[in-house]
Amino acid sequence: MITKLLERGGDLAERAQVCVIGSGAGGAVVAAEIASAGHDVVVLEQGHYWTKADFTQREDQMLPRLFEEAGMRQTSDGSITILQGRNVGGSTVHNLCYCFRTPDPILAMWQREHALPGLTPEAMRPSFERVERMLKVKPIRESEVQAFIMRRFDIAPDGFPIGFEDMCSLQALGTAQKYTGSYERVARSIRDFVSGDKLMESREQFFATLVLSMMVRNGDAHLKNFGVLYSSPLDAVSIAPVYDVVTTTAYIKKDVPALSLAGTKKWWPRKVLDRFAIVHLSLQPSTVDDIFSRMSAAVMETRGIIPDYIADHPEFREVGKLMMAAWEEGVIGLNG
Ligand SMILES: Cc1cc2nc3c(=O)[nH]c(=O)nc-3n(C[C@H](O)[C@H](O)[C@H](O)COP(=O)(O)OP(=O)(O)OC[C@H]3O[C@@H](n4cnc5c(N)ncnc54)[C@H](O)[C@@H]3O)c2cc1C
């Protein structure tokens, strides 16, 4: 039974064997387990009980209803916003329903640091399986939902995090300055931070990323879109894979590159890019030619599948056509 004190008004006296404070993922489960073991339980929740009819799909109304401090709660230094639920159901009411088992390295850390030797993946497996059955957890496939699914490059196959620093961190710049850099400065950071034995392949990859961004008219390749990876502070440092490539001119017609090169921000001609590769990345002209050929082939191959995609998703027609035109212009422009 749920009693809403706001509507009821006044005090309410209840007697129970156990009182659980908070009705989120932790409190609700604890209360349900204790109740199913035959004990009387009261759950005390500070937030309101909202039902389907109350969900208006309006942020100005729902944020104050569902979140602590209307979604504006922050760390004491104001640097990180912390979304925290404040309603019956806690943060589970608005969470995204992604369900992951606690990764083995985290269980190992809890065993080690909290003296919980029994917390092994084998011991936890039946509990994970029980929760997954209750919640009907299943893998998400692209064909089932309209979602962008991406494999994380900063998490190892065993679930352990891989160190990642983007160019803003490496250049001691704040996020707000991510559009203030230059390709020459990124090239210097690569020289300074990438390990010697990974340097040339990292430079080639960085240049390939620049060429790709030019060909597909990606105007949003800013300082946070380049970074380095390392397994531990003593291990080799290499450049991170390419990510976050968007044909921005399909949405912003007159868009230009986010970072400068040779003091300008424009869709540079081939000779400017060639010069950058040779002078700032020490690449051989033959390597540069090879990168242009590989990127052109990859872009045109991918362009070839867009018409089929448009046929399956007519709502993509307008943007798809703009993308194909932008890519053709980019590839032809850089190959003469
Ligand atoms: C936007 C968002 C998306 C998320 N997406 C996912 C996801 O996809 N997958 C996933 O696994 N996790 C996700 N999470 C995280 C997950 O929802 C939380 O880790 C989980 O709900 C935490 O459980 P909890 O019981 O500790 O706290 P909560 O679920 O936040 O519940 C705490 C409850 O206690 C109440 N309370 C606090 N203090 C008092 C008090 N003094 N008196 C009475 N009541 C009190 C609060 O009002 C709240 O209702 C998401 C979280 C957020 C905010």
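Which of the 24 residues around the ligand come nearest? Select Gly22, Gly24, Gly26, Gly90 and Asn95 to see them. Keep in mind throughout that this is a predicted model.

**Stop 1: the ligand shell**

Stay at the ligand and colour its shell by residue type. The shell divides into 15 polar, 7 nonpolar and 2 charged residues. Now show helix α2, residues 25–36. This helix gives 3 residues to the shell around the ligand, the largest share.

**Stop 2: the whole protein**

Zoom out and switch to a cartoon view. The protein has 5 strands and 12 helices. Along the principal axes, the C-alpha atoms fill a box of roughly 80 × 50 × 40 Å. The radius of gyration of the protein is 26 Å, whereas a compact globule of 336 residues would have one near 20 Å. Buried residues account for 21% of the 336 residues. Of the contacts with a separation of 6 or more, 60% are between residues 24 or more positions apart.

Next, colour by domain. The domain assignment gives domain 1 as 1–95, domain 2 as 97–149 and domain 3 as 163–335. Taken over C-alpha atoms, the centres of domain 1 and domain 3 are separated by 46 Å.

**Stop 3: the largest nonpolar core**

Select Phe207, Val211 and Met215. These have the most contacts inside the largest nonpolar core, which has 41 residues. Several elements give two or more residues to this core, among them α7 (183–193), α8 (196–215), β4 (227–230), α10 (285–303) and α12 (317–335). Helix α8 supplies the largest share of the core, 7 residues.

What is Phe207 in contact with, leaving aside its neighbours within four places in sequence? Show Ala277, Leu281, Leu283 and Ile291 to see these partners of Phe207.

**Stop 4: Lys271**

Move to helix α9, where Lys271 is found.

**Stop 5**

Most residues other than glycine have a negative phi. Two places to check against that follow.

Select Ala115, in the loop between α4 (104–113) and α5 (121–135). Ala115 is not a glycine, yet its phi is positive, about 50°. Ala115 counts as exposed because it has 8 C-beta neighbours inside 10 Å.

Then go to Lys136, in the loop between α5 and β3 (163–166). The phi of Lys136 is near 55°, again a positive value in a residue other than glycine. With 7 other C-beta atoms within 10 Å, Lys136 is exposed.

**Stop 5: Ala70**

Finish in the loop between α3 (59–66) and α4, where Ala70 is found. Ala70 has 14 other C-beta atoms within 10 Å and is therefore partly exposed. Not counting residues up to four places away in sequence, Ala70 touches Leu63 and Pro64.

Notes:
Residues numbered from 1 in each chain as written. Predicted model: local features only at pLDDT ≥ 70, side-chain atom pairs only at ≥ 80, totals over all residues. Near = placed C-beta within 6 Å. Helix = DSSP H or I, 4+ residues; strand = E, 2+ residues; numbered from the N terminus. Nonpolar A, V, L, I, M, F, W, Y, C, P; charged D, E, K, R; others polar. Core = buried A, V, L, I, M, F, W, Y, C linked by C-beta atoms within 7 Å. Buried ≥ 20, exposed ≤ 12 C-beta atoms within 10 Å, placed from the backbone. Contact = placed C-beta atoms within 7 Å. Domains from an automatic or database assignment. Rg over C-alpha atoms; globule rule 2.2 N^0.38 Å.
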